[in-house]
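Please read the points below beside the sequence and the model. They are notes for someone opening this entry for the first time.

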Amino acid sequence: MAREISTVGVVGLGTMGAGIAEVLARSGLDVVAVELDDAGLERGLGHLRHSTERALTGGKLDEAGRAELLGRIRGGTSLSALSEVDLVIEAIPESLQAKAAVFAELDEVTRPDVVFASNTSALSITEIGVHTARPGKVVGMHFFNPAPVLELVEVVRTVVTEAEVVDDVVAFARRLGKAPVVMGDRAGFIANALLFGYLNHAVRMYEQRYATREDLDAAMRYGCGYPMGPLALLDLIGLDTAYEILDTMYHQSRNRLHSPAPLLKQMITAGQLGRKSGRGFYAYA
Ligand code: CAA
């Protein structure tokens, strides 16, 4: 690989950012993780503790490995902590304005050859890229939840992304033990474009009282071999995140499949966001 990568900056330590930091540290990379404040950092470290606990229980990691992994992740609350990193992966909430502001600041503090990767699942990489001084070095690097378990990474190139940047990011994803796929910049990329029509349809079926949530989920688990049913999966993804993804795809394609089911918005307004809020289609302890 042309590009030497040993230290990676992760911006945002929510579910995805923490999962990505874990994947990186697990592969022997040093990670500098930046959150808005100490409370955000503490929440992120909580995700890491919880996830590595599951890896421990599942026999994927031992105590020494876990301590080593966590020891490779350094936290910070200012983007200036990323001045020495070789690659940045941004995983903050889905706001173009917020992402643009992060990358504009990173333009100032990182070396000009550093690649900027966004984990966005809904926004256009092209639009994010044009807000930087290095659009040729901006790509999508879209991980799947839970990032330490799922192997797919969608590498998204824009019309101006340099070919060698794409090659380097693909090679880097392989180094992380992931299975990269490459595609152009369209809402939903590959997996979400196919998945979310199905998830939305399941919400509509539930809304129209065709079946109970348990039976809807059981049908897909036991009939199609999916690891979890659509409503349980929406709780894992987060209903707010799912809504944003559907809404963006709907606005881009006008495909009714992606017009968010009204129940989703109602549940979000009522604070039922899924696992992260303790309640979604199901209740969580
Ligand atoms: N590191 C390494 N391995 C880990 C781990 C970690 N931090 N945490 C868990 N694991 C391993 C476990 O050891 C276990 O391994 P084995 O199967 O070999 O025993 C495996 O991962 C599963 O873990 P659990 O037993 O704890 O949990 P589970 O069996 O109930 O599976 C699940 C949970 C992985 C979430 C599974 O149900 C699943 O894959 N569901 C589908 C998730 C999915 O579709 N995600 C995509 C969402 S869409 C998205 O993310 C894109 C977007 O933009 C929103």
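1. Leu-239, Asp-240, Ala-242 and Tyr-243 of helix H10 meet Leu-264, Lys-265, Met-267 and Ile-268 of helix H11. Here two residues are in contact if their C-beta atoms, placed from the backbone, lie within 7 Å. Sorted by class, this contact of H10 with H11 holds 6 nonpolar, no polar and 2 charged residues. The classes are as follows: Ala, Val, Leu, Ile, Met, Phe, Trp, Tyr, Cys and Pro are nonpolar, Asp, Glu, Lys and Arg are charged, and the others, Gly among them, are polar.

2. The model is a predicted one: local features need pLDDT of at least 70, side-chain atom pairs count only at pLDDT 80 or more, and totals for chains, interfaces and linings use all residues. Residue numbers start from 1 along each chain as its sequence is written. Helices (H or I, at least four residues) and strands (E, at least two) are DSSP runs, numbered from the N terminus.

3. How do H10 and H11 cross? The axes of H10 (residues 239-253) and H11 (residues 262-269) come within 9 Å and cross at roughly 140°. That angle makes H10 oblique to H11. Axes are lines fitted to C-alpha atoms, for helices over the stretch in contact, and angles run from 0 to 180 degrees between N-to-C directions. Angles under 35 degrees count as roughly parallel, over 145 as roughly antiparallel, 65 to 115 as roughly perpendicular and the rest as oblique. The crossing of H10 and H11 is left-handed, meaning that the near helix is turned anticlockwise from the far one by less than a right angle; clockwise would be right-handed.

4. Helix H7 (residues 191-207) and helix H9 have axes that come within 9 Å and cross at roughly 115°, in a left-handed crossing. On the H7 side the contact has Tyr-198, Leu-199, Ala-202 and Tyr-206, and on the H9 side Pro-230, Leu-231, Leu-233 and Leu-234. This contact has 8 nonpolar, no polar and no charged residues.

5. H7 also meets H10, with axes that come within 10 Å and cross at roughly 110°. H7 is therefore roughly perpendicular to H10. The contact is made by Asn-192, Ala-193, Phe-196, Leu-199 and Asn-200 of H7 with Ala-242, Ile-245, Leu-246 and Met-249 of H10. By class there are 7 nonpolar, 2 polar and no charged residues in it. The crossing of H7 and H10 is left-handed.

6. The domain assignment gives domain 1 (7-183) and domain 2 (193-276); such bounds come from an automatic or database domain assignment. The C-alpha centres of the two domains lie 26 Å apart. Their contact takes 5 residues from domain 1 and 5 residues from domain 2. On the side of domain 1 that touches domain 2 there are 2 nonpolar, 2 polar and 1 charged.

7. Which residues come nearest to the ligand? Of the 20 residues around the ligand, these are Ala-55, Gly-58, Ser-121, Asn-145 and Pro-148. A residue counts as near if its C-beta atom, placed from the backbone, lies within 6 Å of the molecule or strand in question. The shell draws at least three residues from each of domain 1 and domain 2. Helix H2 (38-57) and helix H9 (230-237) each supply at least two residues, and the largest share, 4 residues, comes from H2. By class the shell has 10 nonpolar, 7 polar and 3 charged residues.

8. A cis peptide bond, with omega about 5°, joins Asn-145 and Pro-146. Pro-146 is found in the loop between strand E6 (138-143) and strand E7 (152-156). Phe-189, a residue other than glycine, has a positive phi, near 50°. Phe-189 lies in the loop between strand E8 (179-183) and H7. Most residues other than glycine have a negative phi, and most peptide bonds are trans.
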